[in-house]
Amino acid sequence: MTPTPGTAFDLIARNVQLVVRGKPEVVRLAVAALFAEGHLLLEDVPGVGKTTLARCLAGSIGGSWQRIQFTPDLLPGDITGVMVYHQGEEGFRFHPGGIFANVVLADEINRGTPKTQAALLEVMEECRVTVDSVRHDVPRPFLVVATQNPIEMEGTYRLPEAQLDRFLMRLSVGYPDHDAEVMVVLGDRAGVSPDDLRPVLDLAGLQEVIAEVRRCRVAREIVSYAVRLATASRHHPAVRFGVSPRGSVALIRAAQALAATHGRDYVVPDDVKDVAHAVMCHRLVLTPDAELSRRLPEQVVSELLADTAAPTAAVGG
């Protein structure tokens, strides 16, 4: 029997939190990205568990997963695949790259060259790659979980806005509190690692959960609220380029998935508010004056939420 989205969330969250301690809201948003079949960017300082969280997510579902370690010498063909000549067959055969999996961990994505990063653009948007004018579909569901370190700039290449816009959410793991860090240390001593996790949801179950999430009811007023937030970002004095229409779609998709993790089949305004920072911040390009004043996208999104009136009644549409 296929579990409901709420039950599936409980199974995955409990499994992930056997290793990732003290970050329930980060785990909830990460699982919501999985349920929305959206890509996830984990950005934080070294050593806080970005790669561990990504590995735990991958290990909690029954599909295939691949890890691609981005380095300056990584080639686009290593990601998408290449055509190889087979002498015995007297012809070329396609050899799939690392992107052909249900969950792909793109570790330290900003260490890849812009040419290599661009190899992800088509597959993240259309779930397929084109090699020698031939299209190849990747397995579904398909999720890219990328990590990057924002404080180390030497030998890295900043992700362009077109690439960032492909990610449904950007999350910061953050440092754990004292008790959670004690549990992390004790867990390390006990030998608990992502490799010890067993899948708690098979691929068919995940596909059904994703389909159920897409059927989650959204009132027109809530869609209007999400669009007004995106529109307000384009006119904010500190913003050079605001949230695109793809960002408006992402707000609703993420809100549907978050509602499903709470066991609801309808979206309320608080769902949109709870995902707003994760969905909108990486889509904002601030003006030079705002950057010189050390304004942060998080501050801008907080102002947008404060200044944009939410629907007073929230029922599924």
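In this predicted model, 20 residues of domain 1 are in contact with 20 residues of domain 2, where contact means heavy atoms within 4.5 Å. Domain 1 covers residues 5-208 and domain 2 covers residues 216-307, with bounds taken from an automatic or database domain assignment. Residues are numbered from 1 along each chain as its sequence is written, and side-chain values use heavy atoms, with hydrogens and water left out. As the model is a prediction, local features need pLDDT of at least 70 and side-chain atom pairs count only at pLDDT 80 or more, while totals for chains, interfaces and linings use all residues.

Of the area that domain 1 buries against domain 2, 36% is supplied by Asp 165, Leu 168 and Arg 170, more than by any other three residues.

Four salt bridges are found across it, a salt bridge being a side-chain nitrogen of Lys or Arg within 4 Å of a carboxyl oxygen of Asp or Glu. Arg 170 forms a salt bridge with Glu 298, and their closest N and O atoms are 3.7 Å apart. The interface of domain 1 and domain 2 also has 12 residue pairs in polar contact, both residues at pLDDT 80 or more. A polar contact is a pair of N or O atoms within 3.5 Å; within protein, one must be able to donate a hydrogen and the other to accept it, and residues adjacent in sequence count only if both atoms are side-chain atoms.

On the side of domain 1 that touches domain 2, two or more residues come from each of α1 (5-16), α2 (24-35), α6 (161-164) and β9 (167-171). These elements are DSSP runs numbered from the N terminus, with helices (H or I) of at least four residues and strands (E) of at least two. The largest share, five residues, comes from β9.

By the salt-bridge rule, the count comes to 17. Glu 37 and Arg 140 form a salt bridge through their side chains, at 2.8 Å from N to O. Glu 37 lies in the loop between α2 and β1 (39-43) and Arg 140 in the loop between β7 (134-137) and β8 (143-148), so this pair ties together parts that are 103 residues apart in sequence.

Technical notes
Buried area is the accessible area (1.4 Å probe) that two parts lose on being put together, summed over both.
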